[in-house]
Amino acid sequence: MSRAAAEEILSSVGLKKTPGRLALVHLLLKAEGPLTHQEIAQKMKGFALNPVSIYRSLDAFVHAGIVHRVDTGERVGRFALCVCGNHEEGHGHCHPHFTCKSCGKTECLEDQVMPDLAVTRPGYTVHEVELYLWGICASCSVK
Ligand SMILES: [Zn+2]
Ligand SMILES: [Zn+2]
């Protein structure tokens, strides 16, 4: 994943391409899974972005729909790039998330399709759908 990809992502939602934001998107592009704010701040050391700016940028990314917040019930939220291309706020998650009970790793299951939960109760409108799975990941299974 190149720097050009990071620029394209920011342009697609009309966000200003500051060096810090580009570095942040680049980091999320390279990430293997959703990262916590703390992990991001650690990896962003050396860039002109302090933890507060990182938080604001992530917030802007979430609002723009290029990043989704993964909340698995831990005290910390995690952030990952959106892969569905649906840049609308509040569209919900386009894929389930998996957290390993053994190593604690959280992953985006981009290859899994979200089930279609059509709510048939009259008067109910669904705005967001999120699906979290807990279990044992592949690397913990072989141990
Ligand atoms: Zn595991
Ligand atoms: Zn995800």
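Guide: Let us begin with a sheet of three strands, which is open and has the order β5-β4-β6, with mixed pairing. In this predicted model, β5 (106-108) and β6 (132-135) stand at the edges, and each has a single partner strand, so one side of each is left without a neighbour in the sheet. Direction ignored, neighbouring strands of this sheet are turned by 25 degrees against each other on average. As a general point, the strands of a sheet pair through backbone hydrogen bonds, either parallel or antiparallel. Here β4 and β5 run antiparallel and are joined by three bridges. Within this part, Thr99 has Thr106 of β5 standing opposite.

We may now turn to the metal sites. Cys137 counts as buried because its relative accessibility is 6%, and Cys140 counts as buried because its value is 10%; the cut-off for buried is under 20%.

The zinc ion (ligand 2) has His68 (NE2), His95 (NE2), His97 (NE2) and Cys108 (SG) as its protein donors, at 2.0 to 2.2 Å. The site of the zinc ion (ligand 2) is tetrahedral, with angles of 103 to 115 degrees among the four donor atoms. Its donor residues are spaced H-x26-H-x1-H-x10-C in sequence. His68 belongs to strand β2 (residues 67-70), while His95 is in the loop between β3 (78-81) and β4 (97-100), so this pair ties together parts that are 27 residues apart in sequence. Both His68 and His95 are buried.

Strand β2 leads us to another sheet. This open sheet of three strands has the order β1-β3-β2, and its pairing is antiparallel. Its edges are β1 (35-36) and β2, each with a single partner strand, so one side of each lacks a neighbour in the sheet. Between β2 and β3, which run antiparallel, there are four bridges. Val70 stands opposite Arg78 in β3. Finally, helix α2 (residues 19-30) lies across β1, β2 and β3, and runs at about 90 degrees to β3.

Conventions:
Residues are numbered from 1 along each chain as its sequence is written. Chains are lettered from A and ligands numbered from 1 in the order in which they are written. This is a predicted model: local features need pLDDT of at least 70, side-chain atom pairs count only at pLDDT 80 or more; totals for chains, interfaces and linings use all residues. Side-chain values use heavy atoms; hydrogens and water are left out. Donors are N, O and S atoms within 2.8 Å of the metal (3.2 Å for Na, K and Ca); water is not among the atoms, so sites may look incomplete. Four donors count as tetrahedral if all angles lie between 85 and 135 degrees; four count as square planar and six as octahedral if opposite donors are over 155 degrees apart and all others between 65 and 115; anything else is irregular. Helices (H or I, at least four residues) and strands (E, at least two) are DSSP runs, numbered from the N terminus. Buried means under 20% relative accessible area, exposed over 50%, partly exposed in between (1.4 Å probe, protein chains only). Two strands pair if DSSP finds at least two bridges between them. Contact means heavy atoms within 4.5 Å. Axes are lines fitted to C-alpha atoms, for helices over the stretch in contact, and angles run from 0 to 180 degrees between N-to-C directions.
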